[in-house]
Amino acid sequence: MNSLQHPAIAGAHAAALRSIAREVTETAEPQPPGVARKGILGMLGERAVLVVTGAGVSTASGIPDYRGPQGSWRKHRPMTYQEFRHDPAARHRYWARSFIGWRHLNRAEPNRAHRIIADLERRGYIAGVVTQNVDGLHAAAGTNNLVTLHGDLDRVVCLNCGNLEARRSLDARLSEANPGYSEAVSHDPAAVNPDGDVELDEHWVGRFVMVPCLVCGSDALKPDVVYFGESVPLERKQRATAMLASARSLLVLGSSLAVMSGFRFVLDAVHEGKPVGIVNQGPTRGDSRADWRWRADVGEALGELSAAL
């Protein structure tokens with residue numbers, strides 16, 4: 001029995017797979033755009049809004065989403081935490097694919113939505129941002145009061161000793177160990193997956209050479225982000241919870257809220273009697289609990305809201 005087949009590990013892996021496969025369906029009728037827009041504008045006018053963002057905020061930067069209308073969830077299953085820790089072959093395959101895909105994600109720049117969110121924070125309408133994204137684009141756009149709930153692809157953690165390494169440093173070591181590899185592998189930039197990897201033929205996976213941890217020599221490395229089957233670190237949960245407690249309302253932008261770490265904010269806001277607004281192109285898990293539901297492109301909706309304030 002390999003480690004991934006151990007009953008406890010297999011059970012956690014199976015639970016992660018169920019979370020990955022969760023399909024978000026309609027639970028409430030979308031409101032007329034003018035009605036939703038007016039309601040969300042009223043929330044912003046009261047100030048102290050906590051914003052929770054998802055992949056729909058970053059799609060205009062060329063980073064694909066997972067469950068949106070053009071999402072990758074039907075054709076690509078992301079790695080689980082259990083696979084990273086207990087399946088060396090799956091981990092090796094991920095790093096071969098990510099070595100190629102990361103170059104595309106690393107070139108991404110903040111888009112209109114990121115910039116408007118940062119501007120609304122500067123103008124005092126937004127109290128802070130909790131993002132489920134791992135692309136670093138909110139920080140690059142200038143958002144200050146920010147919790148990266150699921151971490152950041154810019155760092156890599158050793159699952160054996162806990163050492164942290166900058167992704168740029170790891171990439172330099174991988175480039176040295178795999179001369180000419182990235183130039184020889186052809187791929188479609190549009191096919192990069194949300195977790196930063198691309199589809200690769202097994203021939204190229206087999207040719208890839210992984211490098212070890214700089215401290216302990218283990219090859220059990222993982223991007224320092226929260227994967228399916230992994231818990232959000234307590235310190236981040238506490239910071240985000242405190243931000244919601246001090247906010248007057250909650251605005252969700254570009255997230256289906258399929259995973260509990262994001263959906264929890266809607267549940268808690270409702271429990272605390274705080275208004276909830278959602279802007280997303282498709283249905284979300286929080287629709288039936290939201291006061292305002294606006295089906296729209298996030299960048300366009302934010303542009304309208306910002307101009308009206």
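Val 157 stands opposite Lys 222 in β6. Helix α7 (residues 167-177) packs on the sheet here, touching β4, β5 and β6, and its direction makes about 75 degrees with that of β5. The model is a predicted one.

As for the sheet itself, it is open and built from three strands in the order β5-β4-β6, with antiparallel pairing. Strands β5 and β6 (221-225) sit at the edges, each pairing on one side only. Direction ignored, neighbouring strands are turned by 40 degrees against each other on average. Between β4 and β6, which run antiparallel, there are four bridges.

Now to the cysteines. An unreviewed UniProt entry places a "binding site" feature at Cys 158, Cys 161, Cys 213 and Cys 216. These positions are spread over 59 residues of sequence, yet they cluster in space, with a largest C-alpha distance of 8.7 Å.

Cys 158 belongs to strand β4 (residues 151-158). Cys 158 counts as buried because its relative accessibility is 2%, against a cut-off of under 20%. Leaving aside residues up to four places away in sequence, Cys 158 touches Asn 163, Cys 213, Cys 216, Ser 218, Ala 220 and Leu 221.

Cys 161, for its part, is found in the loop between β4 and β5 (164-166). With 37% relative accessibility, Cys 161 counts as partly exposed. Again leaving aside residues up to four places away in sequence, Cys 161 touches Cys 213, Val 215 and Cys 216.

Terms used: Residues numbered from 1 in each chain as written. Predicted model: local features only at pLDDT ≥ 70, side-chain atom pairs only at ≥ 80, totals over all residues. Heavy atoms only, no water. UniProt positions renumbered as here; feature names shortened; annotations may be inferred. Helix = DSSP H or I, 4+ residues; strand = E, 2+ residues; numbered from the N terminus. Buried < 20%, exposed > 50% of the residue type's maximum accessible area, 1.4 Å probe, protein only. Contact = heavy atoms within 4.5 Å. Pairing = 2+ DSSP bridges. Axes fitted to C-alpha atoms, helices over the stretch in contact; angles between N-to-C directions.
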